[in-house]
Amino acid sequence: MIEEPQVETHGVSDVDAACAAAHGAFDAYRATEAEARASFLEAIGEEIVALGDALIETACRESGLPRGRIEGERGRTVGQLGLFAGVLRRGGWMGLRIDSAMPDRAPLPRPDLRLRAVPLGPVAVFGASNFPLAFSTAGGDTASALAAGCPVVVRQHPAHPETGAMVASAIRAAAERCDMPAGVFGELSGPGNALGAALVADPRIAAVGFTGSRAGGLALTKIAQERDVPIPVYAEMSSINPVILCPEALRARGAALGTAFVGSLTMGAGQFCTNPGLVVAIEGEGLDAFVDAAGAALAQAAAQPMLTPGIHAAYEAGVAALDGHAQVDLVARGQVGEGVAQNQAAFFRTDAQAFLADAALGHEVFGAASLLVVCRDEAELVAVLAAAEGQLTATLQMDAGDTALAARLVPLLELKAGRILANGWPTGVEVAHAMVHGGPFPATSDGRTTSVGSLAIDRFLRPVSYQNLSPELLPAVLRDGGQNGAPVLIDGVQH
């Protein structure tokens, strides 16, 4: 029988104990073998699955998200844990390198140099409101930090406290089952910002993983940078994910693109960080068909509940600002809902000159709202994209005749986004080795990293070089022949 979740409310005074426990676990946990940590991650997944329907029902009730979405999130959460278990077993995450000594090299000998990655220390993870499982208690930040050898303290999101408590119980059960050090996982629950601020300020925390608003991410980054010892904050914050409608694609399938766009825009009430909040096109054949089809589809789009009243209020304020802008026209609104915090989707239109004159038109409205920017020519299209902020994604809707234009745009989009798509929609992030879910500011606070995919582990590691240490002082994995199948670069040659 699944026990009812026990949701404890914590205060700032509880932060010290949580951080002390994580700090106390660090030395023992970072010394565990990769296989032990891999088994721990897999055990967490098994314990989450064992929670059964009770977890699904609780998450649906707290978030308002449909059952299918939550079941998909559970699968993704368990899949992420398995992904990092595989990363640990393959060993490439250690970044092993050996440069053999050259005592006879002239004019100076070369020392023996060996390198590996080591964990940073305890990590503070902030649960996300829009993903109660996959980006929260046992989500990608927690999975990658635990894989790296870092204890984790989760600041549970107050929008789904019971869901968080249930998943936390699964992590604790897995830790006990795998004989992990006490304190390898901790949690803090409660309302307000003070709890998270105190967590980031605690000197025992070595890094932060955050998914949420720009204001929240910047506030935590400021706290982290003002500490006596600043620490990295990996914050995913704000993105409007431009979709570029190339001329030939628009001419050939403008109406179909309009309908498909609305499907992406309204998915999950638009509460995705990869929601297509900006559409850019050159005026010409097919544009009217796109606008007409999008407007018709949006008019039929049913209202959906948003995650919290606060998110709904911010959405309504953002939509009202667009609607009241002198240079912005309303294309269509979705249907009006009858319940609390119902999202009425919105689609607006402006021109390139207005967009370039007002930076606020490029800011995120979290929810199913998007702005079409119509350009007179290719030069204006390039100018709009160049003026846009950093993004998680950029999408090219293109046909064969658009290849030359797309080739000119890709180098610009590389500077603007972490992921470039062709003929798809940005909603949906595959958990894979080649995935980047990150991007230049303000999409994230550090555009060199990703929060999804196997490279996410790199955020919580740092390289250490060992020079002329005797074999008995070296980590076992850096001794000659001690790699046990892990890839290693020896004198510039991959083995």
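## A tour of the pockets, the sheet and the cavities

Begin by selecting helix 1 (15–30), helix 2 (34–50), helix 4 (67–90) and strand 2 (113–119), each of which supplies at least two residues of the lining of the second largest pocket. Helices (H or I, at least four residues) and strands (E, at least two) are DSSP runs, numbered from the N terminus. This is a predicted model, in which local features need pLDDT of at least 70 and side-chain atom pairs pLDDT 80 or more, while totals for chains, interfaces and linings use all residues. Residues are numbered from 1 along each chain as its sequence is written, and side-chain values use heavy atoms, without hydrogens or water.

**The second largest pocket**

This pocket has a volume of about 650 Å³. On a 1 Å grid over the protein atoms alone, a pocket is an open set of points with protein on both sides within 12 Å along at least five of seven lines, a cavity is a set where a 1.4 Å probe fits but cannot get out, and lining residues have an atom within 4 Å of a point. A volume is the space filled by probe spheres set on the points, which are joined across faces, edges and corners.

Now select T32, E33, A34, M94 and V477, the closest to the centre among the 28 lining residues. Strand 2 makes the largest contribution to this lining, 4 residues. By class, the lining holds 14 nonpolar, 6 polar and 8 charged residues (Ala, Val, Leu, Ile, Met, Phe, Trp, Tyr, Cys and Pro are nonpolar; Asp, Glu, Lys and Arg charged; the others, Gly among them, polar).

**The largest pocket**

Colour helix 7 (194–201), strand 6 (207–211), helix 8 (214–225) and helix 11 (309–323), as each gives at least two residues to the lining. Helix 8 has the largest share, 6 residues. The lining comprises 18 nonpolar, 17 polar and 4 charged residues.

Display the 7 strands of the open sheet, ordered 11-13-14-9-8-15-16 with mixed pairing (two strands pair if DSSP finds at least two bridges between them). From one strand to the next, the twist averages 20°.

Within the sheet, strand 8 (residues 243–245) and strand 15 (residues 391–397) run parallel and are joined by 3 bridges. Zoom in on L245, which stands opposite Q397 in strand 15. Helix 9 (residues 247–266) packs on the sheet and touches strand 8, strand 9 (278–282), strand 13 (346–351), strand 14 (369–375) and strand 15 (heavy atoms within 4.5 Å). The direction of helix 9 makes about 165° with that of strand 9 (axes are lines fitted to C-alpha atoms, for helices over the stretch in contact; angles run from 0 to 180 degrees between N-to-C directions).

**An exposed loop residue**

Where does A434 lie? A434 is in the loop between strand 16 and strand 17 (461–467), and A434 is exposed, at 77% relative accessible area.

**The cavities**

The structure contains 3 cavities of 30 Å³ or more. For the largest, of about 80 Å³, select Y234, E236, T444, S451 and R459, nearest the centre among 14 lining residues. Strand 7 (233–236) and strand 6 each give two or more residues to this lining, and strand 7 gives the most, 3 residues.

Finish at the second largest cavity, which holds about 50 Å³ of space; its lining includes S239, F272 and E364.

Terms used. Buried means under 20% relative accessible area, exposed over 50%, partly exposed in between (1.4 Å probe, protein chains only).
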